[in-house]
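Please look through the structure shown here before reading the report. The report goes chain by chain.

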Amino acid sequence: MHAWLERQIPKMVLAPSFVAILIFVYGFIGWTAWISLTRSKLLPKYDLYGLIQYRRLFAAPRWDTAMDNLFLFGALFIGIAMALGLLLAILLDQRIRAEGVLRTIYLYPMALSMIVTGTAWKWIMNPGLGIEAMVRSWGFESFSFNWVIDPDRAIYAVVIAGVWQASGFVMALFLAGLRSVDSEIIKAAQIDGIPGWRIYTAIILPSMAPIFLSAFIVLAHLAIKSFDLVVALTGGGPGYATDLPATYMYAMAFSRGDIGQAASSAMVMMGVVFAIVVPYLYSELRAKHV
Amino acid sequence: MSDFSAFSAAPRAVAAPARPGQIALRWLLFSLLGLFALFYLLPLFVMLTTSLKSLEEIRSGSLVSLPREVTFEAWRTAWSGACTGIQCEGLRPYFWNSVLLAVPAVLISTFLGAANGYIIAQWHFRGANLIFSAMLFGCFIPFQVVLLPMARMLGWMGLAGTIPGLIFAHVIYGIGFTTLFFRNFYVTIPSDLVKAAKVDGAGFFRIFWSIFLPLSLPIIVVTVIWQFTQIWNDFLFGVSFSQAGTQPVTVALNNIVNSTTGVKEYNVDMAAAIIAGLPTLLVYVVAGKYFIRGLTAGSVKG
Amino acid sequence: MKRSVFTATSALALALASMVQAGPEAEVLHWWTSGGEAKSVAVLQQEFSANGGTWTDMPVAGGGGDAAMTALRARVLSGNAPTAVQLKGPAIQEWYEEGVLANISSVAEAEGWDKVLPASIAAHMKCEGQWCAAPVNVHRVDWLWANAEILKANGIAMPNSWEEFNTAADKLMAAGVIPLAHGGQAWQDATVFEVVALGLLGPEGFDKAFVDLDPEMLGSDQMVAVFDQMRRMRGYVDANFPGRDWNLATSMVMNGEAAFQIMGDWAKGEFLAAGKVPGEDFLCASAPGAGFLYNVDSFAMFDVDGDEKQAGQELLAKLIVGQNFQKVFNLNKGSIPARVDVAMEDFDSCAHLSAAEMTTSSKEGSLLPSYAHGMAMRGAQSGAITDVVTAHFNSDMSSADAVDMLVAAVANSL
C-alpha cells in the first residue's frame with residue numbers, strides 16, 4: 001500500500017499542471033474551434049452556422065496577404081537569424097577579449113519588448129528621418145533605404161527588426177553549443193593539421209544538429225506569434241502589406257467585433273503551428289529513447 | 001534549448017604564435033564584431049539621445065543625432081509626471097504593480113517547471129512523454145486565442161481584474177516553457193542517481209530537494225531570465241486582465257506613448273520606454289553571463 | 001444657466017449621497033491618456049468629485065481605442081464590466097444588443113437631452129428608444145487645413161471643389177511644394193477617402209454608400225470617380241508618407257513643407273500647441289462639397305450592480321452633457337460641444353465655423369456620420385471598406401478593380 005502510494009506521488013504532483021494545460025490550452029483551443037463555427041460578433045455566441053467563417057476567411061484578400069507574409073517572413077526571419085546567430089557565435093568563440101560586453105550588446109534586444117523599441121525602429125527605417133537621410137547628408141545623394149514605405153519591401157523591413165531582436169538569443173544558443181563540443185576531438189583535428197574552417201564544417205557544426213533544431217523551434221514560435229513587431233513598426237502597412245495572421249486575428253477579434261472570423265483565422269494558425277511542432281516533438285521524443 | 005552536448009567550458013583553440021596574417025585577421029574579426037555591435041546598439045542609441053533632447057530640438061533637428069543640450073527633464077516626467085489618463089504620476093505607480101505581478105509569477109512558474117521537469121525526466125511512467133508533448137505544444141498557442149475564454153475563467157474564479165488573476169494567467173502559460181527547460185536539463189542526469197538514492201531510502205521529495213534542486217542553478221537562471229522577460233514585457237494579458245489600480249507598467253507605457261489625437265512628446269515617450277525596459281535590461285546585463293552558462297549546461301547529449 | 005445646472009447637480013448629488021452610504025462611484029474606461037485629452041477628462045473627474053463622486057480611472061490607449069475595446073471585452077466576459085466606457089457610433093448599439101448596457105433615460109429625460117442635441121447625434125445615443133450613452137463632443141472630420149503663407153505665395157485660395165483642389169495641387173507641385181501632407185496609416189487613408197467621397201458623391205450618395213451600404217451605390221461609376229480622385233491624391237503626397245503619424249503630417253503643414261492636410265479638427269490642437277493662429281498662420285475650411293461628417297465621442301453606461309455605481313452613472317451622464325463640461329472639455333480638445341446651446345464666445349474661428357455648419361447641415365439633413373471613425377457602420381463592415389481603400393491607395397490597383405473589391409468585401413463582411 002505504501003509503495004503504491006509512493007509510486008503515485010509523481011503523477012499526483014504532475015497532475016495539477018497537466019489538468020491546467022488540458023483546460024487552459026486544449027479546452028480553449030476547443031472553445032475557439034467551436035466559436036469558429038458560429039457567427040459570433042462582438043461577444044462569443046454558441047449557435048453553430050457551419051463553415052461560413054472559413055469561407056469568409058478564404059475569400060478575404062487580406063488573409064491571403066497575411067498568410068503569404070507569414071511564410072515569407074518566417075522563412076527569412078528564421079534563416080537570417082540562424083545564420084547571423086551562428087556567425088556571431090563563431091566570431092565570439094575566437095577567444096575575444098571583450099566577449100562579455102559584446103555578448104550583452106547582442107543579447108539585449110531580447111530583453112526589450114517591441115512596444116519599447118518599435119518607435120525607434122520606425123524612425124531609423126523612415127527614409128526622411130533615419131538612415132537614408134543620415135547617409136544622404138554625408139553626401140551620398142543616391143543612397144536609398146526605403147523598404148519600410150514600399151509595399152513590396154516593407155515585410156523585409158519587419159524582418160530586419162525581427163532579426164535584430166531574436167538573433168542575439170540564437171547567438172547565445174549556438175555559443176553554448178560551441179562551448180560544449182568536446183575539445184579533445186578538436187585538439188586532435190588541429191594536431192592532424194586540418195584547417196580551422198574544415199574543423200567547423202566537418203566536426204563542430206554537425207555535432208550541433210540538435211541546437212539547430214532548438215533554435216529553429218524558438219524562432220518558429222516567435223515568427224508565428226509575431227504581433228508587437230508588426231504593430232509597432234508598420235501597423236500592418238503600407239496598406240495591409242505587412243499584415244500577419246496574428247495581427248489579422250487581433251484586428252478581427254478586437255477592433256472589428258468579428259470574433260467568429262477571428263476564431264477561424266486562429267484555427268488556421270493553430271494548424272500551421274501543429275504542422276511545425278508535431279514533427280519536432282516526434283523527433284525530439286524518439287531521439288531520447290534510442 | 002535541448003540537447004546541449006557535454007558541459008565543457010575549456011578553451012579549445014590552441015594558441016598560435018602571432019603572424020602578420022594572423023594579426024590582420026584579428027583586426028578583421030574585431031571590426032566585424034564592432035560593426036554588428038553598432039547595428040544592435042542603434043535603436044538604443046536613438047532612444048537614449050532622443051530622451052535627452054528637448055521637444056524643440058526634436059521637432060527641428062535630425063532624429064539620429066546627439067543632443068545639443070542634455071536635459072533629464074523627460075526622464076523626470078516619464079517617471080513621475082507624465083499623464084497616463086487623468087492621473088499624471090508617470091510610470092512609478094505601475095512599475096510597482098509589475099513587480100508585484102512578475103516576481104510571484106516567475107517564482108511559481110519556475111518552481112512548477114522544476115517539479116514537472118523532474119518527474120517527466122526521472123520518474124518514467126506510461127504517458128509521461130505524451131503529457132510532455134501536450135505541455136510543449138501549449139508554448140505555441142498565440143495569446144490572442146486565449147484572451148476571451150481566459151477572461152471568462154478568471155471571472156468565474158473571482159480573480160478578474162486582480163493581480164493574482166494576472167499571476168495565474170502568466171503561470172499557466174509559462175508552464176510549457178519552464179517544464180521544457182527543466183526536463184531537458186534533468187534528462188541528462190543519469191537515472192542511476194535516482195535509483196541509488198531510492199536504495200538509500202530517499203523518497204520522491206527528498207531526492208528533488210536534496211539532489212536535484214542543488215544541481216539546478218544554471219537552468220534556474222535560464223528559466224528565471226526567460227520568464228521574467230516574458231512576463232515583464234507582456235502587454236496583452238496586462239491590458240485585458242487588469243482593472244484600474246492593477247495595470248502593469250507596459251499598459252502605462254502604452255498609455256503614455258500612444259495617443260491618438262494628442263500632442264506627442266517623443267522625448268518623454270523614449271524615456272518612459274527605457275524606464276519600462278530597465279529591469280529586463282538589467283537582468284540581461286547582470287545575469288547574461290550565467291545565461292550562456294546555463295544554456296551550456298543544458299544537457300549532455302544522450 | 002450654468003449656475004442653475006450646477007445647483008441642480010449639487011442638489012442631485014446631495015440627494016444621492018443621503019440615499020446611499022458611500023457617494024456615487026464610477027470606474028471609467030477611456031483612451032484619452034495624454035496631453036490635452038487627459039486634461040480634458042480630468043475636468044470631468046474634478047466635476048464628478050466636486051459632486052461627491054469617487055472616480056476610478058481606467059485608461060487604455062492605443063489604436064484609436066482598439067486596446068481599450070480588447071480590455072472591455074475581457075472585462076465584460078469576466079463579469080466585471082467598468083461603470084462607464086468610452087464608446088461611440090454603432091458600437092453602442094452593438095453592445096446594447098449583447099444585453100450589457102444600462103438605461104439612462106431617466107437622466108436624459110430630466111435633463112431634456114432631446115431638446116439640446118441635434119437629432120442625428122441623439123439617435124446615436126439611443127438603443128431601441130431608450131438612452132444608453134452620453135455624447136461628449138462633436139469632431140468634424142471633413143476639414144481642409146492649409147498653410148496660409150504658402151497659399152498666399154502661390155496665389156491660391158482655399159478650394160471649393162475637387163477640381164479646384166487638383167488645379168491648386170498641380171500648381172504647388174510645379175512650385176516644388178508638397179501639396180498634401182498625409183500619413184499612410186489605414187485610418188488616415190480612410191479619412192481622406194471619406195472626405196473625397198462626401199465631396200464627389202454628395203451627402204445623399206454618401207449616406208447610401210456608407211450608412212445603408214447600398215451595393216449599387218458602392219459599385220457605381222461615381223464610386224469609380226472617388227477612387228480616381230484618390231489616385232490623384234496619392235500623387236500629391238510625398239514619398240515618405242507610409243506609417244507617418246497624423247501629427248507629423250500636421251507639422252509638415254505648419255513648417256511650410258506641405259500646403260494642405262485633410263484631417264479632423266484634433267489637428268487644430270497641434271497648430272495651437274505650436275503657437276499658430278487660425279486665420280493668420282493656418283487656415284481651416286470645410287473640405288470641398290456639401291455636408292458635415294461628424295465623429296462624436298460618447299460614454300456608454302454598462303449594467304452594473306450596486307447603488308453607488310448606478311448613482312455614479314447617473315451623475316456622470318448628467319455632468320457629461322452639462323453645459324460647463326461641454327464647454328471646458330471642447331475648448332481643450334479642439335472639437336465643439338454636442339449640445340447646441342453652449343455659449344461659443346471663447347471658441348476660435350474654426351470652431352465657430354464648425355458649429356454654424358453643424359446647425360445648417362443638421363437642418364438640411366446633410367449631417368452625416370464619419371465612416372472612417374467608426375460612426376457610420378459596425379466594425380466588420382467599416383474595417384472591410386478600409387482594407388480596400390488602403391490597399392488601393394498603397395498600390396497601383398485600378399479604380400474599377402477597387403470598386404469590385406469594395407462590393408465583394410462589404411458583402412463578405414455582412
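The sections below describe the model, then chain A, chain B and chain C.

## Basis of the report

This is a predicted model, in which local features need pLDDT of at least 70 and side-chain atom pairs count only at pLDDT 80 or more, while totals for chains, interfaces and linings use all residues. Residues are numbered from 1 along each chain as its sequence is written, and chains are lettered from A and ligands numbered from 1 in the order in which they are written.

## Chain A

Chain A has 13 helices and 0 strands. Helices (H or I, at least four residues) and strands (E, at least two) are DSSP runs, numbered from the N terminus. Along the principal axes, the C-alpha atoms of chain A fill a box of roughly 80 × 75 × 30 Å.

Of the 290 residues in chain A, 52% count as buried. A residue is buried if 20 or more other C-beta atoms, placed from the backbone, lie within 10 Å of its own, exposed if 12 or fewer, and partly exposed in between. Two residues are in contact if their C-beta atoms, placed from the backbone, lie within 7 Å. Taking contacts in chain A between residues at least 6 apart in sequence, 68% join residues at least 24 apart.

## Chain B against chain A

The contact between these chains involves 80 residues of chain B and 80 residues of chain A. On the chain B side, the elements that each supply at least two residues include helix 1 (20-51), helix 4 (92-122), helix 7 (163-186) and helix 13 (266-296). Helix 13 of chain B gives the most to this side, with 15 residues.

By class, the side of chain B that touches chain A has 55 nonpolar, 20 polar and 5 charged residues. Ala, Val, Leu, Ile, Met, Phe, Trp, Tyr, Cys and Pro count as nonpolar, Asp, Glu, Lys and Arg as charged, and the others, Gly among them, as polar.

## Domains of chain B

Chain B is assigned domain 1 (20-80) and domain 2 (92-296); such bounds come from an automatic or database domain assignment. The centres of domain 1 and domain 2 of chain B, taken over C-alpha atoms, are separated by 31 Å.

In chain B, 14 residues of domain 1 are in contact with 12 residues of domain 2. Helix 1, helix 2 (55-60) and helix 3 (73-80) of chain B each give two or more residues to the domain 1 side, and helix 3 of chain B gives the most, with 6 residues. The residues of that side divide into 8 nonpolar, 5 polar and 1 charged.

## Domains of chain C

Chain C is divided into domain 1 (2-139 + 296-352) and domain 2 (141-294 + 365-413). Their centres, taken over C-alpha atoms, are 30 Å apart. The contact takes 18 residues from domain 1 of chain C and 18 residues from domain 2 of chain C.

On the domain 1 side, helix 4 (90-97), helix 7 (119-124), strand 7 (137-140) and helix 17 (349-364) of chain C each supply at least two residues. The largest share, 3 residues, comes from helix 4 of chain C. By class, this side has 7 nonpolar, 8 polar and 3 charged residues.

## A helix pair in chain C

The axes of helix 10 (residues 186-210) and helix 12 (residues 221-235) of chain C come within 8 Å and cross at roughly 170°. Axes are lines fitted to C-alpha atoms, for helices over the stretch in contact, and angles run from 0 to 180 degrees between N-to-C directions. Helix 10 and helix 12 of chain C are therefore roughly antiparallel to each other, a term used for angles over 145 degrees.

Residues making the contact include C:Val192, C:Phe193 and C:Leu200 of helix 10 of chain C and C:Met223, C:Val226 and C:Met230 of helix 12 of chain C. The residues of this contact divide into 12 nonpolar, 3 polar and no charged.

Technical notes
Angles under 35 degrees count as roughly parallel, over 145 as roughly antiparallel, 65 to 115 as roughly perpendicular and the rest as oblique.
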